[in-house]
Amino acid sequence: MISLPLILVPLVAGVAPQEDQVTPSQVLMESIVEDAFIDLEAEFNEAYDGWRAELRKAKGIKAKRALREKHPVRLFWDRFQGLADGGEGRALIWMTRSLRNKGLRLSAIAPEKVRIAKLLLKDYSMASWFGDGVDSFVRDRKHLGQEWVLDALRRVAKVNKDHSIQAQCKYELVGLLRKLEGKQALEEADALMAELLDHYADTEYGFRMRAERTRPEDLKPGKEAPEFLGRTIDGHDFKLSDYRGKVVLIDFYGFW
Amino acid sequence: MPHLQELVKLHQDSPFALIGVNTGDDPETFRKGVEKHGVSWISAYQGEESPIADLYKVSGYPTYFLIDAKGIIVASGHSSSAMDPKIKQLLSDMKKSRD
């Protein structure tokens, strides 16, 4: 047996990372970038709370107006912008939420939201934090346009690898499509709902879909028992409907 | 659990199935429990999560749902022995309609 000498990787940037291996410097750099956003957000939230407290205490229209001119969004804007320019997509989400407090005219807000949303979708739709992006699209749907939001959610559901972000997109799509008229929209909503119930039951949004679909009166005697997929501890899948033709007693239990 | 074993044995030659849906047990507790209590029937294992129990709006344990051969809910409740006469009734109704 040949013994290999132990190679110490120096803890400095510039060492070429090997495939499938994260070097200490990579970890360090990633955490620095990530912390920069989280730290800035925390700093902003603290400043915002302080500003709100001052506003509550301020007496007179003049004092309040003067304070509004000093909204923390205006003070922090350039720093979030700097992070966004450096490739931090979450800073864009902060920016799109803060346009109004920045003092932008109402007529200028919609075009700016559209610009940022397009940027988010183009550059970050595969990001692991993109659940926040999905939330911002749904929240801003009046500015972005229903059709754009629907297409964006369909696209994120397709390209993002995160199971629960896919579920989130599908769940939001069901809600938006159901408000539309037309057979096609309802058919798409039904298909997505079935997908959520079948393939995303382990996600928060799969839960929500199930809970929303079932009302207490749906579980009264005389109603059809809701279909479910069960998996045994050994990975054997079965459906309630496999037992059609038999009298079935379902026992919800735990050994705890 | 002994009652459920009797129930399964009593109806082993009838079109009857007991389906367990376990919630809240870690794998080890579950496997030990299955062995100790002689759970021979099929049982869904949900671990920490509870999609099926949520779907059925289960708020206490145990909870039973009795379902007929067409998939229609007949009764629900927290006592398995209260289900006995109803199960017998359903099975004898099925037998009569076949004969």
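Start by selecting strand E3 of chain A, residues 247-253, together with strand E3(B), residues 63-67; the two strands (DSSP runs of E, at least two residues, numbered from the N terminus) pair in the antiparallel sense over five bridges, where pairing requires that DSSP finds at least two bridges between them. Within this pairing, pick Phe252(A), whose bridge partner in E3(B) is Thr63(B).

This is a predicted model, in which local features need pLDDT of at least 70 and side-chain atom pairs count only at pLDDT 80 or more, while totals for chains, interfaces and linings use all residues. Residues are numbered from 1 along each chain as its sequence is written, and chains are lettered from A and ligands numbered from 1 in the order in which they are written.

Next, select the contact between the chains, which takes 49 residues from chain B and 37 residues from chain A; residues are in contact if their C-beta atoms, placed from the backbone, lie within 7 Å. On the side of chain B that touches chain A, strand E1 (16-22) is among the contributing elements, and E1(B) gives the most, with seven residues.

Now move to the largest nonpolar core, which has 34 residues; such a core is a set of buried Ala, Val, Leu, Ile, Met, Phe, Trp, Tyr and Cys residues joined through C-beta atoms within 7 Å, and buried means that 20 or more other C-beta atoms lie within 10 Å of a residue's own. Val134(A) is among the residues with the most contacts inside this core.

Finally, select Tyr243(A), Leu55(B), Ile67(B) and Met83(B), which are included in a second, separate core of 29 residues.

Terms used
Contact = placed C-beta atoms within 7 Å. Helix = DSSP H or I, 4+ residues; strand = E, 2+ residues; numbered from the N terminus. Buried ≥ 20, exposed ≤ 12 C-beta atoms within 10 Å, placed from the backbone.
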